[in-house]
Amino acid sequence: MDPQRLTWVRTGEPNGSGSGYLVGPQLVLTALHVVRDDGRWAGRVAVRVGHPHFGELVERHAEVCWPDPQAGIPPEDALDIALLWLDAPVAAAGEGPIRWGRPGGTARIPFTGAGLPAFAADEGSDAQFEDLHGELSVVSTSLPGWVLDCPVWPGRGETGGPGIPGQRGRRREGGRDGDPGGRRAGGQDGNPSQRSSDGRNGDPGRHDERPWAGASGSAIFCHGRIVGVAVEDNRTMDWRRLHAAPIHEALSLPGFARLVARHGHPGTTAVLEDVTGESRPVPPGGDGVAWPVEVGPVPALASAFQPRSTLRDRIESARSGSGSVVLTQVLSGGGGFGKTQLAAACATDALTQGVDLVVWASATETQQVITQYAQAAADLRLPGATRQDPEADARALLKWLATTSRRWLVVLDDITHPTELSPWWPASRTGTGWVLATTRLNDARLTGGRRTRIDIDVYSPEEADAYLRERLDGDGMGHLLDDRAADLAEALGHLPLALGLAAAHMINEDLTCTAYLRRFADRRTRLDEALPESADTEGYGRQITVALLLSLDAARAADDSGLAVHVLRLVALLDPAGHPHNLWTTPSLLDHLAASGTSPSTADQAHSALRLLHRYALIICDTHAEPRGVRVHALTARAVRENTPESDLACLVDTAADALLRIWPEVDQPHQDLAAVLRANTDALADHAQDHFWQPGAHELLFRAGHSVLDAGLATTGAAYWRRMADTAERILGADHVDTLSSHANLAVAYRYDGLTAMAIAIEERLVVESERLLGDSHPDTLIARANLAASYRQAGRTHEAIPIEQMVLTQSEQLLGHDHAQTLNARANLAASYWEVNRTDEAISIEEQVLSQSEGLLGLDHPDTLMARTNLAASYRQAGRTHEAIAIEEQVMTDCERVLGIDHPETLNARANLAASYWTVRRTAEAIAIEERLMSDCERVLGVDHPDTLSARANLAISYRQAGRTHEALRLLERALADRQRVLGPDHPNTRLASAHLASLQQDIRDEGERPTPLTDTEPS
């Protein structure tokens, strides 16, 4: 304990003072309740640092920095420890680092400390320090923590301690014998003896009722280690007993270890040392060794090294709670994640912070570890270290590490054979040692013996950006940074090694981020060209592909089935972000593995192969992360693809495509996350498949993925997808191939969904002619071409042209496909929609009731086509004046659409529009407006400002405003609606004419000063 580091903590609250200890130039350790008053943080905090007999007293303002005030007020039962941050450093406050201890054993342990308890204050004076000393009982227990038996306990009603010579009845200036001097809590402002530090218990009353008030927050030392923070919190002992909140609990909580390690006095770490009554720390020196000792040496930190604060926090937290920390990564692509650099940073900091011994050992081979241990034993001049027998010398080191009270760190870098290394793991029975290891393995053998695995991931986007900027700026090449820096980092998967090589290559070749990214993305550029060995400025020593696949040879050697390499090649063709684990249960994939391996393959064997690759950090296999249960780093996947024989690619592509198609659900909407993952994997596979997806025709998976995009309501994305499909089909298969016609047909549907009706009609009119010529008049694809053209005619307002086409399509569908075929149901629904448009409502209702009944029976209640059938029937009921029936249907449909399709799906938006229209019809205007205001915003966001449905939403809201008497708002919105429809749909579109009629009617109303005609409806069927 250093008197210059003692502190007096005051707050602006009643009962607001306590003690503390300066653990860093700007960091004060105290009790939480000193700065928390009645369920809130203290308003202001002042700290006086120092002791009047030991140098200068320094005043500072402070604020709480731990627990994090931004996280709210800690609960009443939170650990009673806090850290304060001073507004300026306190210079020359003592010497040496802070060391932390954890009491153990059964013997009582002497403790020391100093604080400012109430009973130690003189009348009318500032706080006075009282030496706290006694014994800490590890056996005694209490809720706050350690029990402190202190011989300066004051007795009840007395200023001194019971039965202590020279203390009982001690006189104080201004008082009488046995009289505490007349001081009461809440007296003179600024006197800590008059205010309790424990603000949780209301009025503290007289100081002799709370004699330890003000001592809370004192640091409690055992053998020079801080083991706790003093609190007086035992009502059954009349507040006369002192306790200590355990410091080791604080070190195990998020943030505390990081703060004290980073901002503590020089040499301070977060390492806990065991303290017992039977042992004392060994004094340094006296053995002829020049401390500290470094055996290794520790690798130098790379240029622009990133501290990776979040990972360091996790390391410090795990280090405080257990004897060893094993650094490993569970994301694939174990090479290049920065494990060694992170360990080197920890070792460098340890040396800076006063650790006595650091041993750095390469652990790829056990003999290398033994050699380094033997060298350390010799450097330390350990008894029995003869330099003749390395294993005996190494054992001597392990024996010394287990019992020494010196602080030490052993780093085992790149463990490859954990079983062989098992006898050579160091241990520390004194709590002064730390073992840090790095490995590519995700192996349970590395987490035994109180070792904790910490997963090392790639850089965060922010860390990657900071690295690039620091690296290039540091070399005077900051001009190479441009607006593609983030894209470059993402393309490299934020892999630290790849970023280092890329930055060096950019410097060597004077390449901007954009220029480098263009080279990297070029299919003709191999990884070892984009990230060449000549760019290895940090001495990593391995070519990038070798680094990424270094574990593959070990995985192959451990693979009895012979499947691992084939599994890895399939994984490399899919989306690096992940694919479903159940892909590996499909017949096509298992058949492929059976043909590639040494025996017939089962799903269990496939899983075992995945877990083997996971164990060697080549992939991630995590069934809890579905539907992305199997993942791989993008650069690892690229390295695998570049080393896959071209002759194997076609078979691999077909196998993966068949497997994806097999697990694709029949209806996407109940499985939207899965559908999105499958679309991403299809895109990745298509990107790597070259033209193999198109032999002899387009694989069915390509069509399923495209339909999924449209089913998800992504019309613009769908149009882009089908444009690529149509262009590729025409290039590879020719203009007359059936898959080319189908691709163009889907492109037209996407255009119609996206509101580009004229472009859809142009394609569909040509497709009808081509289908009749190539496939015949009655081919199902010809019927689909006609039906699509009719739907576009209807959307364009050419409903009278659509109806005869749809009547013919329905007749032919019933004849060719049958009455219950899905295509026949669609033909009926389309015809009913056109009847609705031209007010042939009874005919529409008759058809739609039939369609709904068949859809529910054939497709199920939640199928998207069933929901649409209900929507259409409700719209027809409303048109027929059966509005209350329509509302009952529409309310349920809206709920079902939100549940099944999602709140932003176009059909969900349409369901809201229909319900609002029905509310408007029965004069439930306020409810209609509430829906339509949200609907217009959602349509603009999801569909775009010029989509036909957005234009309808805008016009419908204007009409509802008019019905509610909000005339001027209605006028502004209708004027915009008309202008938008004239621009987007053209002046002759029925909806444009309808908007014009609404606006003219409203303007007449305004001229007539309130005389209004019968309102017109602008609602359209789905």
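I took a pocket to be an open set of points, on a 1 Å grid over the protein atoms alone, where a 1.4 Å probe fits, with protein on both sides within 12 Å along at least five of seven lines; lining residues have an atom within 4 Å of a point. A volume is the space filled by probe spheres set on the points, which are joined across faces, edges and corners.

The model is predicted: local features need pLDDT of at least 70 and side-chain atom pairs pLDDT 80 or more, while totals for chains, interfaces and linings use all residues. Residues are numbered from 1 along each chain as its sequence is written, and side-chain values use heavy atoms, without hydrogens and water.

Entry 1, second largest pocket. I found about 1,200 Å³ of space in the second largest pocket. Its lining has 41 residues, with Ala634, Arg638, Arg641, Asp687 and His688 nearest the centre. Helix 18 gives the largest share of this lining, five residues; helices are DSSP runs of H or I, at least four residues, numbered from the N terminus, and strands are runs of E, at least two.

Helix 5 has 14 residues (366-379), so at 1.5 Å a residue it should span 20 Å, and its end C-alpha atoms are 20 Å apart, in agreement. The expected span is 1.5 Å times one less than the number of residues. Among its buried residues (under 20% relative accessible area, 1.4 Å probe, protein chains only) I noted Val369, Ile370 and Tyr373. The buried residues pack against elements including strand 19 (357-362) and helix 6 (390-403), contact meaning heavy atoms within 4.5 Å. Arg381, which follows helix 5, has a positive phi near 55 degrees.

Terms used. Buried < 20%, exposed > 50% of the residue type's maximum accessible area, 1.4 Å probe, protein only.
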